[in-house]
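Notebook open, structure about to go up on the screen.

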Amino acid sequence: MNFPYQIKSLEEYHSVYKKSEEDPEGFWGEIASNFHWKKKWEKVLDWNFIEPHVRWFLGGKLNITENCIDRHLQELGEKPAFIWEPNHPEDRVRIVTYNRLHKRVCQVAQMLKNNGMKKGDRVCIYMGMVPELVYAVLGCARIGAVHSVIFGGFSAQSIADRLYDAQAEYIITCDGAYRGGKDIPLKGVIDDALIGNRTIKRVIVYTRTRTPVSMLKGRDVWWEDEMDFAETQVEKDGVVSFPAEETDAEDPLFILYTSGSTGKPKGVVHTCGGYMVWTNYTFVNAFQYKTGQIHFCTADIGWITGHSYIVYGPLSAGATSVMFEGVPTWPDAGRFWEIVDKHKVNILYTAPTAIRSLMGFGLDPLNGKDLSSLQVLGTVGEPINEEAWHWYDEHVGKRRCPIIDTWWQTETGGILISNLAGITPARPSWATLPMPGVHPVLVDENGKEVTEKDTHGLYKGNLCIKYPWPSIIRTTYGDHERCRTNYFATYPNLYFTGDGALKDDEGNFRITGRVDDVLNVSGHRIGTAEVENAINMHAGVVESAVVGYPHEIKGQGIYAYIIYTGHQNDPDLNRKNILQTVSRVIGPIAKPDKIQFVSGLPKTRSGKIMRRILRKIAEGETQNLGDTSTLLDPGIVEEIRKGRL
Ligand code: WT7
């Protein structure tokens, strides 16, 4: 494919950015005309950030799978859409061409229809990283059903909460998943989530691990059987077809749950038209994708990174992706490098936490691996420290490859701030410049734009965006008010990201991390309130407070202060028991790294926990705890400080 909207120079970036500012609707209308629409939009944009109400490409009709598959078939039909690398390095690689992808997606769409699914229905997908996961996601999109992928690390309870919130009636899962040396019993977890459930009508189970599973008559069916039957329906005389449902540009494409600073995870809703345009535009521009290149995004499709830069962005651009089932450190820490060598990867997109963890294994795992195919490197998910940036640059990119530091969020759908590989300058630990159409501003606590520089000559404030881009969050599923209060109420007329940032005179941004009570642990987002709620469910726990602390590999670790009045004789066992409860309630990813038992928490007279103090102690700062005079019981601080782990 050729991409007339691919920016080719720094000068062009500046002129394109200017154009996007002066005439956003003209600008996005022109870009959107590069896609296949069943019916053209009538109006490009309608918005206010008060309700909020954001609609892009109003009246436009499309099906995103036609843009991701059908329109490529003539030119790229026999080119690989995916090269699937299995968990076990000795297992067979699977190559999925665009023709094959088309056939499988048509089959899935037919299978979903046969099982009663239709446009608008919510389908929960809980699978490992197998090609069938992509077929399932796109099969939903083909019939206009709304997919909600849940990461394999979440517990039965978390799944049950999400099923209920999304009012889902259908599930697609696997018997199990391989992740490194572990087999994860996905169907077993689904069965636990469904105890007492009366709303789920169908569970489709794909066989991956041959783990024994229970199959309930009338509810559970095998993927293989259903797909075989669907094949007889979609293929006639060697021609495969399944009509792509017409969806409105603003029909929901998917729901993806993500944590916030309060309560249960919220269902971020993205829509068909704007999300398609944005993921494609940012994929083509940030990575500077050229047809024929091999793109390897190491994320899991259970997170937004996988949705946008394994599935929709690359496929809409006719790209070839490596899809990896395993983990970076199994069977050894050379796994990524072996994959790059084996499949001649050109673009590698991974998380700082993975880089830091691989750094810890030294250079041995890189020895003998030919990384000369690499042309572009990317990072996402958390701030990258300079040490990790330089290691990535030197030992992976061999100083030949531009590194892009891409800042974005589940709610933004795609990359908002990033350098463009080889086009705009990179700067270690800086996300640098906004994408065209993105207008970031830094504000102080009162929402006033920061105009004074700090002592380092930088502007410092809370990061907000003042104009909509096509894939901005539309709502939080079933609760629009929550969307408003979370993102649009803190500062009037601005989308608030929850991040703090620095800006220089040239307009480059450096993201410094969350300013709310959200943690970023190994690139996974976890709310402290969510972890506290889980801990508090444990018998004997009176109260808890959870904060983050700097962790060498994970970026942030989870530190929990707990008042526990249960059996006192074996604190170590008590800790383990509490971890079990957190695993049950949320999942293993939310387990605290440190648990300190305390007799009280530092509270103000009005009963508010002073997290600032707890954060400082967890960070190892034990001297300057700031003003503690407003505390109800200042003595407790001394006890906590002494007991620090
Ligand atoms: C939060 C969003 C974006 C997909 C993966 C995470 C942090 C993300 C960067 C970056 C510094 C970053 C922010 C953001 N973050 N990318 N390049 N530099 N911080 O998605 O789970 O929605 O988390 O991740 O704090 O708010 P998410």
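Ground rule before I start: I call two strands paired if DSSP finds at least two bridges between them. Helices (H or I, at least four residues) and strands (E, at least two) are DSSP runs, numbered from the N terminus. I am working with a predicted model, where local features need pLDDT of at least 70, side-chain atom pairs count only at pLDDT 80 or more, and totals for chains, interfaces and linings use all residues. Residues are numbered from 1 along each chain as its sequence is written, and side-chain values use heavy atoms, with hydrogens and water left out.

**Entry 1, the seven-stranded sheet**

I looked at β4 (residues 80-85) and found that it pairs with β19 (residues 320-324) in the parallel sense, over four bridges. Within that pair, Phe-82 has Ser-321 of β19 as its bridge partner. Both strands belong to an open sheet of seven, ordered β5-β4-β19-β18-β20-β21-β22, with mixed pairing. I noted β5 (94-97) and β22 as the edge strands, since each pairs on one side only. From one strand to the next the twist averages 20 degrees. For angles, axes are lines fitted to C-alpha atoms (for helices over the stretch in contact), and values run from 0 to 180 degrees between N-to-C directions.

Which helix packs on this sheet? I found α11 there, touching β4, β18 (294-297), β19, β20 (347-350) and β21 (376-380). Contact here means heavy atoms within 4.5 Å. The direction of α11 makes about 165 degrees with that of β18.

**Entry 2, the four-stranded sheet**

Next I traced an open sheet of four strands, β23-β24-β26-β27, with antiparallel pairing. Because β23 (440-443) and β27 (509-514) sit at the edges with a single partner strand each, one side of each is left without a neighbour in the sheet. I wrote down an average twist of 45 degrees from one strand to the next. Between β24 (residues 459-465) and β26 (residues 495-503) I have six bridges, and the two run antiparallel. Tyr-459 stands opposite Lys-503 in β26.

How many residues surround the ligand? I get 17, and the closest are Asp-405, Thr-406, Thr-410, Asp-499 and Arg-525. A residue makes this list if one of its heavy atoms lies within 4 Å. By class, I have six nonpolar, six polar and five charged residues in the shell. In that scheme Ala, Val, Leu, Ile, Met, Phe, Trp, Tyr, Cys and Pro are nonpolar, Asp, Glu, Lys and Arg are charged, and the others, Gly among them, are polar.

Then I checked the N and O atoms. An oxygen atom of the ligand is 2.6 Å from an N or O atom in the side chain of Asp-499. A polar side-chain atom of Gln-409 is 2.9 Å from a ligand oxygen atom, and a polar backbone atom of Gly-381 is 3.1 Å from a ligand nitrogen atom. Taken alone, the ligand exposes 550 Å², and the protein buries 96% of that; the areas come from the Shrake-Rupley method with a 1.4 Å probe. The elements giving two or more residues to the shell are α11 (304-316), β22 (403-406) and β27.

I found Lys-264 in the loop between β16 (252-258) and β17 (266-271). Leaving aside neighbours within four places in sequence, Lys-264 is in contact with Asp-161 and Arg-482. The C-alpha atoms of Lys-264 and Arg-162 are separated by 9.3 Å, though the two residues are 102 residues apart along the chain.

Most residues other than glycine have a negative phi, and most peptide bonds are trans. I logged a cis bond from Glu-51 to Pro-52, omega near -10 degrees; Pro-52 lies in the loop between β1 (43-48) and β2 (53-58). Another cis bond joins Trp-330 and Pro-331, omega about -5 degrees, with Pro-331 in the loop between β19 and α12 (335-343). Gln-167 is not a glycine, yet has a positive phi of about 50 degrees.

Conventions
Polar contact = N/O pair within 3.5 Å; in protein donor to acceptor, adjacent residues only side chain to side chain.
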